[in-house]
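Colleague: I would like to go through this model feature by feature. Could we begin with the overall layout and then move to details?

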Amino acid sequence: MLEPLRQGLPPLDPSTVSNAASCALSARYEAVREARQFSRRTLTQWDIGDRLDDVCLVVSELVTNALRHALPTDPPHVSLQEPPIRLHLMRWTERLVCAVRDPSRECPVAYDAEEFSEDFSAESGRGLFLVDSFSDSWGWHPLSGTLGGKVVWALFGVHSAE
């Protein structure tokens, strides 16, 4: 069973942050591939290879969910200066957080494994189940202030290549 979704990011000491990277993603499905490529390049530069495939899978799922469920179906005039989705990668000594910000304040909906066994042919609904399976923990929280929307994050334990 999946843990409750609305939870804050576990406490991380800001003084131990060693790397951070971010990229803006447009509202098109090519953004999923771009997010994966950005994650692969960034984690390779940071010498994090032990969780590379897990992180790329989770990033794909989080960005796909943002594209499918968090964007307005009839968006008002959207500023080209502010893409609707942003991927953040933050590395602490032995932790990596990938976070996807989107404009919706709606709670992500996770299904559990029992629901999948009823319909093997379903083409959607497994994203957050995969995030839960491949990350060490995950959650979401609404944003306040001028940004609005929410952040859905996943936490990974990583080892240094040193």
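Colleague: In what order do the elements of the protein chain run from the N terminus on?

Modeller: This is a predicted model. The chain holds 4 helices and 5 strands, and their order is β-α-α-β-β-α-α-β-β.

Colleague: What is the order of the strands in the sheet?

Modeller: The sheet is open, and its 5 strands are arranged 1-2-3-5-4 with antiparallel pairing. Strand 1 (19–25) and strand 4 (137–142) each have a single partner strand, so one side of each lacks a neighbour in the sheet. From one strand to the next, the twist averages 15°.

Colleague: Over how many bridges do strand 3 and strand 5 pair?

Modeller: Strand 3 (residues 95–102) and strand 5 (residues 150–157) are joined by 8 bridges, in the antiparallel sense. As one example, Ala99 has Trp153 in strand 5 as its bridge partner.

Colleague: Which strands does helix 2 lie across?

Modeller: Helix 2 lies across strand 1, strand 2 (85–91), strand 3 and strand 5, and runs at about 15° to strand 3.

Colleague: Where does Arg68 lie, and is Arg68 buried or partly exposed?

Modeller: Arg68 belongs to helix 2, which spans residues 52–70. Buried means under 20% relative accessible area and exposed means over 50%; at 45%, Arg68 is therefore partly exposed.

Colleague: What share of the 162 residues is buried?

Modeller: Buried residues make up 40%. The chain exposes about 9400 Å², with 52% of that supplied by carbon and sulfur atoms.

Notes:
Residues numbered from 1 in each chain as written. Predicted model: local features only at pLDDT ≥ 70, side-chain atom pairs only at ≥ 80, totals over all residues. Heavy atoms only, no water. Helix = DSSP H or I, 4+ residues; strand = E, 2+ residues; numbered from the N terminus. Buried < 20%, exposed > 50% of the residue type's maximum accessible area, 1.4 Å probe, protein only. Pairing = 2+ DSSP bridges. Axes fitted to C-alpha atoms, helices over the stretch in contact; angles between N-to-C directions. Contact = heavy atoms within 4.5 Å. Areas by Shrake-Rupley, 256 points an atom, 1.4 Å probe, with all protein chains shown as cover.
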